[in-house]
Amino acid sequence: MTTKSELIKQVLDHLNNVGGIRASAVISADGLPMVSSMPEDVNPNTFAAMLASMVGSAETALKSIGSRNVLERVVAESKDVRVVAVQAGPDAILTIMIDPSTNYGLILLEAKKASDDIEKVMKQ
Amino acid sequence: MSDPFFGVGKLDGDLDGFPPQKTVVINASPDVGNEVFGYQISHANLSNDKKVLLFLNRMSPAAYLAEMKEYNLPANDNLKIIDAYSNITGIKSQPTKNIVAVDNPYNKEEISKKLSAELDAGYDLVIFDSLSLFSDIFDIDFMFSIIDLVNSKIKDSKLSSVMLFTDWGYGEDVVSRLYKSANATIEVKGIEKRVIFGQYFAVVKCDWIEKSMPRTALFKAVKPGGIKIYIPKILVTGPTDAGKSSFIHSASKTAVSVDKLGGTIALDHGHIDFDGYSADLFGTPGQERFDPLLELLGGEAIGVLLVVDSTKPDQFPRALEMLRKTETFGLPIVVVANKADLNGALETDDIRKRLHLEDSVPVIKTVAEDPSSIDPNQPTKLKSEGVDSALRSLFSQLT
């Protein structure tokens with residue numbers, strides 16, 4: 001039997017083949033790393049904790065100004081890297097690190113597909 | 001050539017490897033299982049050119065080898081299996097150069113004879129999977145006679161042995177007799193606080209090291225990969241300016257904080273590797289305007305360190321409110337009574353009473369290492385004595 005984490009890993013591996021995506025990871029909404037495909041020098045625990053708090057804070061901020069829809073994504077950018085966090089169901093967050101100079105629209109589309117796949121795996 | 005070893009980093013580190021002429025019993029509760037330890041120990045030694053003998057009565061050799069592969073801990077030609085399983089099922093055991101068949105697995109004499117012959121054949125390590133089945137198929141006394149046989153053989157050889165035992169409720173006398181016949185015993189159990197959150201192994205006895213027992217670690221059996229030390233979430237919460245960030249930064253060298261002007265605004269995170277544990281501390285902000293984040297930070301936590309300022313009992317109701325908001329009431333908790341050396345600091349009993357906590361909740365004092373160097377905009381370094389005993393006290397509650 002294939003485990004959930006193996007299935008999610010497959011989704012991430014596919015995602016990492018998309019041009020411009022450097023790395024990706026799935027973290028829990030509580031900030032624990034679940035499955036990651038990140039460079040070795042990244043501490044997945046710290047990264048997961050920070051990303052989850054970004055998403056949680058963004059959600060709270062949106063709610064406080066009356067947004068009625070669920071948060072779709074959080075983006076953090078610097079000149080050399082862009083990090084996007086996308087909700088993948090209620091329990092998981094998909095995060096991807098991308099090259100800022102690449103086709104952003106296409107990557108968001110791929111990220112959306114991947115997050116839907118991850119949500120399905122999580123529900124199994 | 002080096003000694004056999006466990007292949008589990010924590011065990012090899014804690015026990016300084018696994019010397020020859022020793023018997024190790026790995027005792028698991030039925031809901032957890034210890035077979036992955038067997039796979040990992042045999043894989044590690046096989047890949048290190050050790051000759052390993054496996055006495056197998058739990059499953060067929062083919063199924064066993066397939067399981068090892070699934071964990072990405074494959075066997076090789078150095079493994080020899082005594083198959084005392086196949087002929088129980090009616091599927092005839094196929095002897096090869098790597099498999100010795102026990103023709104009648106219900107025959108004590110045949111088992112002892114074949115095992116004894118193989119034990120003389122110059123192996124480095126013998127693994128029993130599973131020892132408890134001897135007592136299920138035969139009786140307790142036969143199980144102990146096997147242990148005695150192995151122990152007498154390893155005395156005058158380079159052999160060491162690992163015995164996987166699952167405790168289906170044989171009673172304390174059997175378990176303590178078993179522990180007495182082994183040089184080291186490791187218990188494998190689940191943590192059952194609220195939900196089964198993880199599994200841990202604890203070295204409860206080891207006669208070749210001087211370090212204190214038990215040495216414990218949470219782990220997950222990961223496919224592929226085998227035994228991995230599991231990293232839980234420990235929540236560090238408490239009122240504003242009590243010293244949460246200071247605690248985390250004192251406990252962890254690699255801690256990071258999201259803070260502005262000295263106050264934490266999102267969270268602190270610190271990874272610690274301490275006393276056989278590998279844990280992640282999540283610190284909350286103390287100010288009330290960040291309360292919407294508390295539930296997120298408290299999720300999945302398995303233990304709580306509640307940091308309070310010993311001189312400010314008026315903040316204690318807020319401390320309790322934070323426990324409620326993080327939804328961590330009922331989890332194992334240790335109160336860290338910080339600033340215990342300042343004027344007006346309350347005694348631990350008084351703090352416990354004013355927090356309305358049960359007598360069993362530990363309250364541990366912490367103090368700044370150097371009060372003269374306190375910078376209100378930086379986490380203060382706390383004396384490691386208090387920090388360590390708070391962590392140790394929480395960890396001991398978790399297992």
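**Salt bridges and the A–B contact**

K123(A) and E119(A) pair through their side chains in a salt bridge, 3.5 Å from N to O (a Lys or Arg side-chain nitrogen within 4 Å of an Asp or Glu carboxyl oxygen). This is a predicted model, where local features need pLDDT of at least 70 and side-chain atom pairs count only at pLDDT 80 or more, while totals for chains, interfaces and linings use all residues. Residues are numbered from 1 along each chain as its sequence is written, chains are lettered from A in the order in which they are written, and side-chain values use heavy atoms, with hydrogens and water left out.

Both K123(A) and E119(A) sit in helix α3 of chain A, four residues apart, or about one turn (helices are DSSP runs of H or I, at least four residues, numbered from the N terminus). K123(A) is exposed at 64% relative accessible area, whereas E119(A) is partly exposed at 26% (buried is under 20%, exposed over 50%, partly exposed in between; 1.4 Å probe, protein chains only). Helix α3 (residues 104–123) also holds K112(A) and D116(A), again four residues apart, and these two form a salt bridge at 3.1 Å.

Over in chain B, K325(B) and D291(B) make a salt bridge at 2.9 Å, N to O. That one ties together distant parts of the chain, 34 residues apart. K325(B) is partly exposed at 31%, but D291(B) is buried at 11%.

The contact (heavy atoms within 4.5 Å) takes 14 residues from chain A and 17 from chain B.

Notes:
Helix = DSSP H or I, 4+ residues; strand = E, 2+ residues; numbered from the N terminus.
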